[in-house]
Amino acid sequence: MICQGQPRISFAHLPTPLEAAPRLSAALGIELLIKRDDLTGLCVGGNKARLLEFAIGSLRGQGVDTLIAHAAEQSNKLRDIAAAAARFGMKAILLVPGPPPAAGQTLQGNRLLFDLLGADVRVVPPNADRAEIMAAQQAVRDEVARAGGKAAILDRQLDYGIDATIAYVNAAEELCQQLAAASISPSAVFIACGAGMTAAGLALGLKHLGAPMRVHAVSIASRAADLGREIEGHAARAAQRLGIDTRLAAADLTLVDDHPDIAYGEVTPELVAVTRRFARLHGMVIDPIYNAKVALALVEQVETGRIAQGARVVFVNTGGAPAIYNEAAALSAPLIAPDARIS
Ligand SMILES: *Cc1c(COP(=O)(O)O)cnc(C)c1O
């Protein structure tokens, strides 16, 4: 166990299933396995439950009673921080870009869940830069301290980023154990890549264990040029924390950024089409923001021969289900694409 000895509290449903997808496999001409990290439990599953096991594990030991974080209004990270706070009797103070919802506005998706989970949601200016966001988080931490509490800031530049990476080193080891037990040796694994901690941890863990499969990190915010360096940094910090010598280089992964035209959060007809295709061929509804982009990348790599016919491939579904409901209008639009009627 690479991560043994790290502070941790177990609550996620692990190991997550690694399941065969025979109908999708037949349609694509590959042998596809799906690692169901959308089924980690906590609130509605997803990759953040894994990292919060490590984050909450160490913060509880330090007497922290309040969790502070900043992210987008539909953030999966903020939802799971709110859920973990509720689970462990802590407070969550979430900073999201303004403006606040209008009076009487119906909340939807993760923003609705923040509320149901009892988080204290506050607004920061929508164009705040990193320094302003950090200052806003520190101001909230000081406010909590003045009231006699102890708050921690869960920001990717701090321990949170390391926890997110080591959680996926741990997931890599879990995946290797499942593959070994099933005597399966895939050549590629596809995973979503936002800030890159998750993909960095997966790739670091697989490299450390000598697993031959290549990680395809699919950029969901089209910054592949910066991502390589950032992934190296995340992996180096995690390796240092874990006391392992393995170092990850950007060249160890394939960074996929074939759709820089699709902005973060934009739900285009091709993303709707691939979401429907996966739903209809596996009974699994992927989220339109992260995992639909991974599915699209996988399909396109197979269609263009970059992934060979017959290859064994793992798709890690990192969760994000509430976006399905928040993007209901885009997802229910009639399709132009010919595979809309795929049965
Ligand atoms: C946060 C998140 C990711 C990616 O995490 P990074 O470590 O920022 O790359 C992937 N998928 C979903 C659904 C997420 O919420």
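Predicted model: local features only at pLDDT ≥ 70, side-chain atom pairs only at ≥ 80, totals over all residues.
**Strand pairings at a glance**

Residue numbers start from 1 along each chain as its sequence is written, and side-chain values use heavy atoms, with hydrogens and water left out.

Two terms to have in hand:

- Strands (E, at least two residues) and helices (H or I, at least four) are DSSP runs, numbered from the N terminus.
- Two strands count as paired if DSSP finds at least two bridges between them.

Around strand 2:

- Strand 2 (residues 31–35) runs parallel to strand 10 (residues 312–316), and five bridges join them.
- Strand 1 (residues 18–20) pairs with strand 2 in the antiparallel sense over three bridges, with L18 opposite K35.
- Four of the five residues of strand 2 are buried, so the strand is largely enclosed by the rest of the structure; buried means under 20% relative accessible area, with a 1.4 Å probe and protein chains only.

- An open sheet with parallel pairing has the strand order 5-4-3-6.
- Strand 5 (120–124) and strand 6 (151–153) sit at the edges with a single partner strand each, so one side of each has no neighbour in the sheet.
- Strand 3 (residues 66–70) and strand 6 run parallel and are joined by three bridges; T66 stands opposite A151 there.

Key: Buried < 20%, exposed > 50% of the residue type's maximum accessible area, 1.4 Å probe, protein only.
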